[in-house]
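Good morning, and thank you for coming. Please look at the sequence and the model, and I shall then go through its strands, rings and charged side chains.

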Amino acid sequence: MKLIIIDRRHLKIIASVMIIVLISSVYTIGYNNSILSVFINNEKIIPIYCVDTDEKKIAISFDAAWGADKTQDILDILKEYNVKTTFFLVAFWVDKYPDMVKKIDSEGHEIGNHSANHPDMTKLSEDKIREELIITSNKIEAITGKKVNLFRPPFGAYNNKVMRVAKELGYYVIQWDVDSLDYKDYGVDAIVNRVISKVKNGSIVLFHNNATYITKALPIILDKLKQMDFEIVPISELIYKDNYYIDHTGKQIRLQ
């Protein structure tokens with residue numbers, strides 16, 4: 001048997017060629033998994049912040065963790081404008097307001113997972129991350145009878161560990177590219193101006209269900225979005241479910 005010795009320089013060249021071949025193969029077959037995200041995003045797995053699309057289509061979302069006194073008003077406004085959105089719910093909010101969960105669902109809005117206890121999930125073990133996700137989805141699904149497949153990390157905090165566990169459990173991990181900053185209580189005009197100045201095709205807008213000025217700002221924003229010819233859809237109707245990759249900015253791009 002002849003022993004072949006490869007020096008370090010040639011080993012690096014071979015490794016580089018293998019990586020290029022792997023990425024090319026993934027693109028060629030349109031295979032979408034974490035491997036593609038890792039290579040494209042310099043080994044960091046990125047959630048979906050927005051979607052690359054030529055259509056004038058966006059999604060707006062509400063995170064619900066504390067309080068529900070404005071939620072009915074939000075639902076009434078959305079119904080008046082015939083708009084369907086996505087609500088990301090925390091498990092303890094679901095426990096406290098099960099009738100409101102039913103109402104959100106019955107009015108045609110999508111419900112996503114926002115964890116069980118609203119922790120910084122990057123500080124949890126894989127088992128604890130898994131537990132946070134499973135508990136919350138089980139509670140939501142018990143009320144609505146519908147499978148939950150969207151997850152938004154609390155505080156927008158994520159790392160590869162969080163992303164891997166979420167993907168293993170079948171979730172699309174969702175962030176946002178337009179933050180209304182409604183929770184900072186800057187006032188109605190500040191919320192409206194921020195959203196309208198930043199929104200674009202494929203945007204995902206972040207609101208909170210119990211922000212101080214949300215019920216006053218929301219109708220103005222919906223009017224302006226309508227004037228701008230944007231169609232507003234739930235997040236699951238905006239994102240691509242397969243044959244995509246996510247660039248370094250978090251934009252979800254369809255593979256050709």
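Within strand β11, I253 is the bridge partner of Y245. This is a predicted model, in which local features need pLDDT of at least 70 and side-chain atom pairs count only at pLDDT 80 or more, while totals for chains, interfaces and linings use all residues. Residues are numbered from 1 along each chain as its sequence is written, and side-chain values use heavy atoms, with hydrogens and water left out.

Strand β10 covers residues 244-246 and runs antiparallel to β11, the two being joined by 3 bridges. Two strands pair here if DSSP finds at least two bridges between them. Helices (H or I, at least four residues) and strands (E, at least two) are DSSP runs, numbered from the N terminus. β10 and β11 form a hairpin with 4 residues between them, and G250 in the turn has a positive phi of about 90°. Strand β11, residues 251-254, also pairs with strand β1, residues 50-51, in the parallel sense over 2 bridges. There, C50 stands opposite K251.

I turn to the aromatic rings. The whole structure holds 5 aromatic pairs. Rings of Phe, Tyr and Trp (its six-membered ring) pair if their centres lie within 6.5 Å; planes under 30 degrees apart count as stacked, over 60 as edge-to-face and the rest as tilted. The rings of F62 and F207 are stacked, because their centres are 5.5 Å apart and their planes meet at 25°. F62 belongs to strand β2 and F207 to strand β8, so this pair ties together parts that are 145 residues apart in sequence. Both F62 and F207 are buried, where buried means under 20% relative accessible area, exposed over 50%, and partly exposed in between (1.4 Å probe, protein chains only). Ring pairs link F62, F87 and F207 into a cluster.

How are the rings of W66 and F92 arranged? Their centres are 5.8 Å apart and their planes are at 50°, so the pair is tilted. W66 lies in the loop between β2 and α3, and F92 in helix α4, so parts 26 residues apart in sequence are tied together. W66 is exposed, with a relative accessible area of 55%, whereas F92 is partly exposed at 28%.

The charged side chains come next. A search of the whole structure finds 11 salt bridges, each being a side-chain nitrogen of Lys or Arg within 4 Å of a carboxyl oxygen of Asp or Glu. In one of them, D63 meets R152, with the closest N and O atoms 2.8 Å apart. This pair links distant parts of the chain, since D63 is in strand β2 and R152 in the loop between β5 and α7, 89 residues apart.

D127 and R130 meet at 3.4 Å, N to O; being 3 residues apart in helix α6, they are separated by about one helical turn. E168 forms a salt bridge with R130, their closest N and O atoms lying 3.3 Å apart. That pair connects helix α7 with helix α6, across 38 residues. D127 is exposed at 60% relative accessibility, E168 is exposed at 56%, and R130 is partly exposed at 23%.
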